[in-house]
Amino acid sequence: MQPVMTKDELTEFIAREMPQVKDDFVIDRIGPMEADVRMPVAYRHLRPGGTVSGPTMFTLADLGVYVAILAMIGPKALTVTTNATIDFMRKPEADADLLCKVKILKLGRALAVVDGLLYSEGNEAPVARVNMTYSIPPKG
């Protein structure tokens, strides 16, 4: 199964449908059932202790999963998160971009199940792991 939307089409879609987050991330790669998304870490993303906040990591993961699914099904804005689990494993670097690599495990008519790993750029060890389920709106 090949993607039906390109990086540019997805970037334009997000800018149009979710302008409040369009400048917070960059789509690095779209592949069959996969996506890599990056967030340049800024001061507003940090928490005390010099690390990236949990809500920031969750935001990137949620957006990465959304992008991966839309790449495969097309521009369905009302595709929504129905379940999310995140395991925080290591302290992310405050001075490095946050990367999210997602892989769609199951893409059905009504639900998609996706896993993702978050990294601080330049580090091989993941800082968080996510598992998310999304509801896909019916055709029509």
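Reply: Let's start with N131, which touches N83, A84, T85, V113, V114 and D115, leaving aside residues up to four places away in sequence; touching, or contact, means heavy atoms within 4.5 Å. Bear in mind that this is a predicted model, where local features need pLDDT of at least 70 and side-chain atom pairs count only at pLDDT 80 or more, while totals for chains, interfaces and linings use all residues. Numbering starts from 1 along each chain as its sequence is written, and side-chain values use heavy atoms, with hydrogens and water left out.

N131 sits in strand 8. Strands here are DSSP runs of E with at least two residues, helices are runs of H or I with at least four, and both are numbered from the N terminus. Strand 8 (residues 128-135) runs antiparallel to strand 7 (residues 111-120), and eight bridges join the two. (For two strands to pair, DSSP has to find at least two bridges between them.) N131 is the bridge partner of D115, and M132 is the bridge partner of V114. Strand 8 also pairs with strand 5, again in the antiparallel sense and over eight bridges; there, F88 has A128 as its bridge partner.

Zooming out, we get an open sheet of six strands in the order 1-2-6-7-8-5, with antiparallel pairing. Its edges are strand 1 (26-31) and strand 5 (80-88), each pairing on one side only. On average, neighbouring strands are turned by 20° against each other, direction ignored. As a reminder, strands of a sheet pair through backbone hydrogen bonds, either parallel or antiparallel.

Now for the helices. Helix 2 lies across strand 1, strand 2 (34-39), strand 5, strand 6 (98-107), strand 7 and strand 8, at about 45° to strand 6. Axes are lines fitted to C-alpha atoms (for helices, over the stretch in contact), and angles between N-to-C directions run from 0 to 180 degrees.

Helix 1 (residues 7-17) packs with helix 2 (residues 54-73) at an angle of about 120°, their axes 11 Å apart. That makes helix 1 oblique to helix 2: under 35 degrees counts as roughly parallel, over 145 as roughly antiparallel, 65 to 115 as roughly perpendicular, and the rest as oblique. L10, F13 and I14 of helix 1 meet L63, Y66, V67, L70 and A71 of helix 2. By class, that contact has eight nonpolar, no polar and no charged residues; Ala, Val, Leu, Ile, Met, Phe, Trp, Tyr, Cys and Pro count as nonpolar, Asp, Glu, Lys and Arg as charged, and the others, Gly among them, as polar.

Finally, the whole chain: two helices and eight strands, running α-β-β-β-β-α-β-β-β-β from the N terminus on. The C-alpha trace spans about 50 × 25 × 20 Å along its principal axes.
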